[in-house]
Amino acid sequence: MIIGTAGHIDHGKTSLVRALTGVDLDSLPEEQARGITIALGFTRLELPSGRPVAFVDVPGHERLVRTMIAGASGFDAVLLCVSAQEGVMPQTREHLDILELLGVRHGVVALTRADQVDPELAELAEEEIRELLEGTFLEDAPCVHTSAVEHTGIDALRGALDDLAASPRTLEGPLRLPVDRAFIQKGFGTVITGTIASGQVAEGETVEVLPEGRLVRVRGVQVHSESLGVAQAGMRCALNLSGADTHEVPRGSVVATPGSLAVGSILDVRYRHLESSPPLKRGARVRLLFQTTEVMATADPLDDPLAPVEPGTRRLLQLRLAKPVASLPGDVFVIRRESPLLTLGGGTVIDPWAPRVRQRDASEAADFLVRMEAGEDLARIERAGLMSREEVEMRLGVVPEGAVELGGSIGAPRQVSRLEQELLDSLTAWHQQHPLAMGAPKRSLHRGGLSRLDSRAFEDLLLFMESKELVVVEGPRLKRSGHSVELSDADQSMASVILERLSKAGLSPPANAELLEGLGPAQELLALLLERQEIVRIEGRLYRADLLLDLENRVCVALETQSELTTADFKELSGLSRRHAIPLLEWLDSKGVTARVGDVRVRGNT
């Protein structure tokens, strides 16, 4: 369990940790000279039950709230320190607000320096604390009167800390370790420290430093100065890294399993604006404090885009960041005013890979976020668009039930339905524009919103739609199910003229221009007759299909009585000149009716 201190500057946080653990965490010369905590301090304590806990000591100065949040982001519980001499002070309130915003839910209150006031004043100080804590997660927390100098109340404080509920930690999932310090250790090189938020890390592993994406190797793992082969979620640890300088893994970086996290520079969040904060207007510049990083951001409301965020309200916001961060849904954050520094509120990340939302689309975005908050994983896929299986598993852990796979990409049912409707609309328009066409070329429909699909995904969409009997796929063409070509009286009359002319021409058809003389545009009608196999195109000329079938039958009969057929035999059989006979012989060869052997034809394999 990670227990951290909190409270106003000079309220005895570090002294109390020293009394509990025997370790003075103000080790920097500047800290010792000024008598205040500047950097995060870390140590460990074995509680009376034998349970080990890690202590994180944070600074209380108002200018060091960023450092306090970097430490508090890993807290399981808090030791809130309030001086009996001064009582509740501004940073007492601000730290309490921050802890609530970060989701800390357990803690103990220490009334420090109780030996410096008489019992009545100590009781008044405790009453003031109780008023402050009313309605907060520390409302029912024990309040222990202590003195770090006299060591009074220290044993009782250890017991109260021992009674705190342990926070469950899971080793499942990828490693995620927000970096709160990076320094050079003589003889070792670059060392980073942090609290492991999830997963585990082992010596010798390759890890990724985000948001830069640099791969580095873990040379060593330490937990409270003890070398271990493995550290896991919930542990404060130090990693000795090979392949990176300190400036390449600064505070705010995240050490993670390679490829397990995607960074984003736009976060959609559920935000709680503190009662004490001034209204937050659309487009306001704020400081986002997230885990161990701080980044400037622009805040825009989504649920009512023109209305400012009023004190005490909870709103949906889009935060556009000055630089990307590595976050996941459910991560907590704090927002502070750009200047002068003031904690405004905080909340929970809903979509860490959000697209930029324009004002006109804010309502739709808010609807998506409400569905995501309700645990609808398919809404995440629907909003993000088609994703690879690897990306879905990275964002969601598993491919959710009901998702649709298209050519290796994963889509949500609503999203696929929109693609289906777009294709059906395009196909309907094609049928209207080409009333005599049996179907549309697939490539002519692979455009607009459908162009986002690669060829494999597009083909899978067509097959998926065909399985639902929405379309019929016929080779390179498709049509809506139930679609049929209905010839108008004019088209029917033209078709009759064409077929009659071809009948009269027999197996010596005229050129197309002569065939269509006086009929007007007929290309689509010819294409229909070809698709219906009422006519056949051979070397640019058109033949009636029934006449060709008759020719096939006559050739087959001839080859039953003689083993081979010369060109002269075929000319005599068909009554054609060589100019018309040769194309038809080659066509019979292509169909397998005949097979050419030297200068003669024999029976084919059909």
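I note first that two strands pair if DSSP finds at least two bridges between them. Helices (H or I, at least four residues) and strands (E, at least two) are DSSP runs, numbered from the N terminus.

I record that this is a predicted model, in which local features need pLDDT of at least 70, side-chain atom pairs count only at pLDDT 80 or more, and totals for chains, interfaces and linings use all residues. Residues are numbered from 1 along each chain as its sequence is written, and side-chain values use heavy atoms, with hydrogens and water left out.

**Entry 1: strands S26, S27 and S28**

I looked up the pairing of strand S26 (residues 440–441) with strand S28 (residues 477–480), and found it antiparallel over 2 bridges. Ala-440 has Leu-478 in S28 as its bridge partner. Strand S27 (residues 471–474) also pairs with S28 in the antiparallel sense, over 4 bridges.

**Entry 2**

I traced an open sheet of 3 strands in the order S31-S33-S32, with antiparallel pairing. Its edge strands are S31 (565–566) and S32 (594–597), each of which pairs on one side only. S32 and S33 (residues 600–603) are joined antiparallel over 4 bridges, and Arg-596 stands opposite Arg-601 in S33.

Helix H16 lies across S31, S32 and S33 and runs at about 90° to S33. Axes are lines fitted to C-alpha atoms, for helices over the stretch in contact, and angles run from 0 to 180 degrees between N-to-C directions.

**Entry 2: helices H16 and H18**

I asked at what angle the axes of H16 and H18 cross. The axes of H16 (residues 545–561) and H18 (residues 578–591) come within 12 Å and cross at roughly 80°. The two helices are therefore roughly perpendicular to each other (angles under 35 degrees count as roughly parallel, over 145 as roughly antiparallel, 65 to 115 as roughly perpendicular and the rest as oblique). The contact (heavy atoms within 4.5 Å) is made by Leu-548, Leu-551, Glu-552 and Val-555 of H16 and by Leu-584, Trp-587, Leu-588 and Lys-591 of H18. I sorted these residues into 6 nonpolar, no polar and 2 charged. In this sorting, Ala, Val, Leu, Ile, Met, Phe, Trp, Tyr, Cys and Pro count as nonpolar, Asp, Glu, Lys and Arg as charged, and the others, Gly among them, as polar.

Is helix H3 largely enclosed or open? I found 7 of the 8 residues of H3 (residues 65–72) buried, so this helix is largely enclosed by the rest of the structure. Buried means under 20% relative accessible area, exposed over 50%, and partly exposed in between (1.4 Å probe, protein chains only). Among the buried residues of H3 are Met-68 and Ile-69. The elements that cover the buried residues of H3 include S1 (2–6), S3 (52–57) and H4.

Of its 39 residues, Met-68, Ile-69, Phe-75, Val-78, Leu-99 and Leu-138 touch the most other members. The elements that each supply at least two residues of this core include H3, H4 and helix H5 (119–133). Leaving out residues up to four places away in sequence, Ile-69 touches Ile-98, Leu-102, Leu-289, Gln-291 and Val-334.

Leu-96 is found in H4 (residues 90–101) and is buried, with a relative accessible area of 3%.

**Entry 3: backbone details**

I listed two cis peptide bonds. One runs from Leu-210 to Pro-211, with omega near 10°, and Pro-211 lies in the loop between S11 (206–210) and S12 (214–223). Another joins Ser-339 and Pro-340, with omega about -10°.

I also noted His-151, a residue other than glycine with a positive phi, near 65°. At 45% relative accessibility, His-151 counts as partly exposed. Ser-225 has a phi near 70° and, at 67% relative accessibility, counts as exposed.

Terms used:
Core = buried A, V, L, I, M, F, W, Y, C linked by side-chain atoms within 4.5 Å.
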